Amino acid sequence: MTNSEIEITADLIHDLLQEQHPDLAGLAIREVAGGWDNRQWRLGDELAVRMPRTERAPDLQRKECRWLPVLAPRLPLPVPNPVRIGEPSARFPKSWTIMTWVPGEPLDHASISRGDHAADTLAGFLRALHVEAPAEAPTSSDRGAHPKKCTDGFDYFMQAVAPGGVADVVRAVWDDAVAAPEWEGPPVWVHGDLHPANVVVADGTLSGVIDFGDMFAGDPAWDLAAAWVILPAGAASRFFDVYAHADEATVRRARGLAALKSLFLMLMGQNGDQGLPGGKPTWGPAGRAALDRVLRERLDLAHPFHLG
């Protein structure tokens, strides 16, 4: 039996709760739109039920359950924390989780109006996250590598999105990242998937970070790309000033990875507009705006962390 053969409904979730966590079965259940590896349902006001929708989702949930309790206490923004684990059963054959709910609106459905505050907030969050990871921390098989090992993906996204008159400039940004030296520090904790659908905003600024399923130990440049992918125009310089730990090579890698992530968001938006499976219509505008910031806001690396 695969997940695709099971209709996940509020009634199913209620039955699963009644069987395994009856003390929570009386809470209101409301579906939340979105999600990639998991479908999510609000459970009361403070919890969420996450039901796996892809083959890799249960492993990602187990990773979050193992490591988020370790990371969350020292992070300055709310993040989901595991509360209960649902075991595979006759009703649903895979594990599932109950997490704390992070209030706010996902950025792909909202906007940041307090750019300086958001830059300071994101920089503080990543400074707290990017500490040396223990030897047993997870690694990543599909992200976290130096950009030079991701050229096939970049080429695929470039061809699929066809960014028109800016293609040469996008390629130049990527080539500069590929030419940058590798990360020489110890592997640090990395969220790994920072983009507008994985952060939430309230009162015009960042209020939480969600979906840590892809977290790994490695190069912080994968998260620092968020200076362009998440923050509004003009905020990248302030972000790197406050973060204060990125050398020239790391900034170059991060900018190239921001271009890669922008193209991916654009492709997912394009797929959504065409009604293709997995497409996300709201990601297209977010990706186009991010790519524009990548191309317009080149950091003057001769004078670190100030726009040239």
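Helix 10 first. Helix 10 covers residues 283–296, 14 residues in total. At 1.5 Å a residue it should span 20 Å, and its end C-alpha atoms are 20 Å apart, so the two agree. The expected span here is 1.5 Å times one less than the number of residues. Helices are DSSP runs of H or I, at least four residues, and strands are runs of E, at least two, numbered from the N terminus.

A word on the source. This is a predicted model, where local features need pLDDT of at least 70, side-chain atom pairs count only at pLDDT 80 or more, and totals for chains, interfaces and linings use all residues. Residues are numbered from 1 along each chain as its sequence is written, and side-chain values use heavy atoms, with hydrogens and water left out.

Which residues of helix 10 are buried? They are Trp283, Gly284, Ala286, Gly287, Ala290, Leu291, Arg293 and Val294. Buried means under 20% relative accessible area, exposed means over 50%, and partly exposed is in between, with a 1.4 Å probe and protein chains only. These buried residues pack against helix 5 (167–179), helix 7 (226–229) and helix 9. Contact means heavy atoms within 4.5 Å.

Take helix 5. The axes of helix 5 and helix 10 come within 10 Å and cross at roughly 70°. The two helices are therefore roughly perpendicular. Angles under 35 degrees count as roughly parallel, over 145 as roughly antiparallel, 65 to 115 as roughly perpendicular, and the rest as oblique. Val169, Val170 and Val173 of helix 5 meet Leu291, Val294 and Leu295 of helix 10.

Next, helix 4 (residues 151–161) against helix 9 (residues 248–273). Their axes come within 9 Å and cross at roughly 45°. That makes helix 4 oblique to helix 9. On the helix 4 side, the contact includes Phe154, Tyr156 and Phe157. On the helix 9 side, Leu260, Leu263 and Phe264 are among the partners.

Now a single residue. Is Gln61 buried or exposed? At 2% relative accessibility, Gln61 counts as buried. Gln61 lies in helix 2 (residues 57–71). Leaving out residues up to four places away in sequence, Gln61 touches Asn38, Arg50, Met51, Pro52, Ser95, Trp96 and Thr97.

Last, two loop residues. Asp211 is not a glycine, yet has a positive phi of about 55°. Asp211 sits in the loop between strand 9 (205–209) and strand 10 (216–218). Ala244 is not a glycine either, and has a positive phi of about 70°. Ala244 sits between helix 8 (236–243) and helix 9, and at 41% relative accessibility counts as partly exposed.

Definitions and conventions. Axes are lines fitted to C-alpha atoms, for helices over the stretch in contact, and angles run from 0 to 180 degrees between N-to-C directions.
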